Amino acid sequence: MWIDRQNAPFIDSFCKQSPIIPVVAMHCASDAIPLANALLAGGIKVIEITLRTSAALESIQLIASQVPQMKVAAGTVLNPDQYQQAINAGAELVISPGITTPLLEAGQDNQVPLLPGISSASELMQIMQLGYSRCKFFPAEAAGSIAMLKALQGPFGQIRFCPTGGITEDNARSFLRLKNVMCVGGSWLSPRELIKQQDWPAITRIAQHSLAKCQVPS
Ligand code: 3PG
């Protein structure tokens with residue numbers, strides 16, 4: 001019998017908060033709170049901060065402790081050490097671009113669930129074997145895009161994806177219309193230049209515009 005070791009209901013409710021998730025590399029932790037507030041003002045209630053910069057953990061910590069309405073995930077988590085650092089900073093969800101056995105094992109029955117990244121049927125079978133049924137599809141555009149997600153629906157009907165990598169305001173809706181897509185993520189929602197210029201109203205506008213464009217019938 002297959003057992004959920006990931007906490008799929010938690011991930012479903014987490015992702016339900018926002019069909020589109022900004023994937024952000026923070027270069028300056030002091031921008032974290034105004035960025036989170038700008039996204040919230042635009043209707044976005046989930047943010048993924050990638051552990052690609054030295055400001056990432058502090059940014060997660062600031063948002064988790066000071067912007068309670070914003071759900072914060074740690075992205076680009078590559079190993080169990082980073083997983084623990086993300087938890088310590090206050091991340092509610094940990095996201096990886098790919099899989100390793102140590103990372104998948106760290107995520108099993110963890111209070112802070114893991115959304116592992118996959119891009120093939122074989123990787124899907126590996127994660128399913130360890131009790132996972134929700135994953136990131138990365139890099140979405142390069143790894144087969146909508147055709148690939150449709151093809152995976154047949155053999156893997158119970159799996160739900162968050163595609164990221166190449167998602168834009170223009171193609172997000174086509175992904176969200178797929179039955180096996182729970183949400184999408186991307187960097188288009190918080191462009192580096194706008195963060196650098198601290199142009200928070202512009203980020204709010206992108207969020208509003210993108211959400212309006214992504215409305216899918218429920
Ligand atoms: C990710 O980590 O999910 C991606 O780097 C985001 O990809 P994008 O920049 O193409 O949106």
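Here are legends for a set of close-up views of this predicted model.

The model is a prediction, so local features need pLDDT of at least 70 and side-chain atom pairs count only at pLDDT 80 or more, while totals for chains, interfaces and linings use all residues. Residues are numbered from 1 along each chain as its sequence is written, and side-chain values use heavy atoms, with hydrogens and water left out.

**View 1. What sits around the ligand.**
The shell here consists of V23, R52, K136, F138, T164, G165, G166, G186 and S187. To be in it, a residue needs a heavy atom within 4 Å of the molecule. By type, that makes two nonpolar, five polar and two charged residues.

The protein covers 78% of the 310 Å² of accessible area that the ligand has on its own. A polar contact is a pair of N or O atoms within 3.5 Å; within protein, one must be able to donate a hydrogen and the other to accept it, and residues adjacent in sequence count only if both atoms are side-chain atoms. Areas are Shrake-Rupley values with a 1.4 Å probe, and for residues only the protein chains shown count as cover.

N171 lies in the loop between β8 and α8 (172-176). A polar atom of the N171 side chain is 3.1 Å from the backbone oxygen of G166, one of the residues surrounding the ligand. Setting aside neighbours within four places in sequence, N171 is in contact (heavy atoms within 4.5 Å) with E141 and G166. Its relative accessible area is 16%, so N171 counts as buried. The cut-offs are under 20% for buried and over 50% for exposed, with partly exposed in between (1.4 Å probe, protein chains only).

**View 2. S145 in helix α7.**
S145 belongs to helix α7, and its side chain makes a polar contact of 2.4 Å with the side chain of E141. Beyond four places in sequence, S145 also touches F137, A140 and F175. At a relative accessible area of 15%, S145 is buried. Its phi is worth a look too: near 55°, a positive value in a residue other than glycine. Helices (H or I, at least four residues) and strands (E, at least two) are DSSP runs numbered from the N terminus.

L149 is found in α7 (residues 145-153). Is L149 buried or exposed? Its relative accessibility is 0%, so it counts as buried. Leaving out residues up to four places away, L149 touches F137, F161, P163, F175, L178, N180 and V181.

Most residues other than glycine have a negative phi, and most peptide bonds are trans. The bond joining F138 and P139 is cis, with omega about -5°, and P139 sits in the loop between β7 and α7. N7 isn't a glycine, yet its phi is positive at about 75°. N7 is in the segment before α1 (8-16) and is partly exposed, at 34% relative accessibility.

**View 3. The open sheet β6-β7-β8.**
Three strands line up in the order β6-β7-β8, with parallel pairing. β6 (117-118) and β8 (160-163) are the edge strands with a single partner each, so one side of each has no neighbour in the sheet. Two bridges join β6 to β7 (residues 134-137), and strands count as paired if DSSP finds at least two. G117 has K136 as its bridge partner in β7.

**View 4. Strand β2, enclosed.**
Five of the five residues of β2 (residues 46-50) are buried, so the strand is largely enclosed by the rest of the structure. V46, E48 and T50 point one way, I47 and I49 the other. Two bridges join β2 to the parallel strand β1 (residues 20-24), where V24 stands opposite I49.

Definitions and conventions: Ala, Val, Leu, Ile, Met, Phe, Trp, Tyr, Cys and Pro count as nonpolar, Asp, Glu, Lys and Arg as charged, and the others, Gly among them, as polar.
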